[in-house]
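Here is a friendly walk through one protein chain, written to be read with the structure open beside you. Take your time and turn the view as you go.

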Amino acid sequence: MKLYIGGAYQGQNELAQRENSASQVWTDFHETIREAVHAGEDPCAFAERFCREHPGAVVAANEVGAGVVPIAAGTMMAIMEAYVRPRGRYYDFQVKNGRGYILFADGAYSEL
């Protein structure tokens, strides 16, 4: 999967389409996620299903309000160490490339 993300009007839809002209590009993907959540679908289940059904997907989103926040691994590990429950150590939160966590307001989390 390729993920293009940026703020509104920063051109990620156009860039994704230009760099992947032979592929289907899901533009404004944040709206697709929002619709699934509003329809009552669990966001983890939606993400797993989408990735399984579209392993080579090219996705563009223009906001992180959908919960997609790309960050460096070390930053993610430091955030996890400081804020999640149950507590863990920095290296407990290593994940493979392209993977991460879903974080909840109460400090709970699940791995993607």
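What follows goes from the overall layout to the sheet, then to a pair of helices, and ends with a few residues in loops.

**Overall layout**

Please keep in mind that this is a predicted model. The protein chain has 4 helices and 5 strands. Read from the N terminus, the elements come in the order β-α-β-α-α-β-α-β-β. The chain has 112 residues, and 28% of them count as buried. Among contacts in the protein chain with a separation of 6 or more, 49% are between residues 24 or more positions apart.

**The sheet**

Strand β1 (residues 2-5) is joined to β3 by 4 bridges, and the two run parallel. Within this pair, Lys2 stands opposite Val58 in β3, and Tyr4 has Ala60 in β3 as its bridge partner.

**Two packed helices**

Two packed helices are described by the angle between their axes and the distance between those axes. For helix α2 (residues 29-38) and helix α3 (residues 43-53), the angle is about 130° and the axes are 9 Å apart. The two helices are therefore oblique to each other. Their crossing is right-handed.

Which residues form the contact between α2 and α3? From α2 come Phe29, Thr32, Ile33, Ala36 and Val37, and they meet Pro43, Phe46 and Phe50 of α3. By class, this contact has 7 nonpolar residues, 1 polar residue and no charged ones.

**Residues in loops**

Asp28 lies in the loop between β2 and α2. Its phi is near 50°, a positive value in a residue other than glycine. Leaving aside residues up to four places away in sequence, Asp28 touches Asn13, Ala60 and Asn62. Why does Asp28 count as partly exposed? Its relative accessible area is 31%, and the partly exposed class runs between the 20% limit for buried and the 50% limit for exposed.

Gly56 is found in the loop between α3 and β3. With a relative accessible area of 62%, Gly56 is exposed, because values over 50% belong to that class.

The loop between α4 (73-83) and β4 (101-103) holds Arg89. Arg89 is exposed too, at a relative accessible area of 60%. Pro86 has its place in the loop between α4 and β4 as well. Which form does the peptide bond from Arg85 to Pro86 take, cis or trans? This bond is cis, with omega near 0°.

| Residue pair | Separation along the chain | C-alpha to C-alpha distance |
|---|---|---|
| Asp28 and Asn62 | 34 residues | 6.3 Å |
| Gly56 and Gln24 | 32 residues | 9.4 Å |
| Arg89 and Ala78 | 11 residues | 8.8 Å |

The pair Asp28 and Asn62 brings the account back to a contact named above, as Asn62 is among the residues that Asp28 touches.

Note on methods: Residues numbered from 1 in each chain as written. Predicted model: local features only at pLDDT ≥ 70, side-chain atom pairs only at ≥ 80, totals over all residues. Heavy atoms only, no water. Buried < 20%, exposed > 50% of the residue type's maximum accessible area, 1.4 Å probe, protein only. Axes fitted to C-alpha atoms, helices over the stretch in contact; angles between N-to-C directions. Parallel < 35°, antiparallel > 145°, perpendicular 65-115°, else oblique. Left-handed = near helix turned anticlockwise from the far one by under 90°. Contact = heavy atoms within 4.5 Å. Nonpolar A, V, L, I, M, F, W, Y, C, P; charged D, E, K, R; others polar. Pairing = 2+ DSSP bridges.
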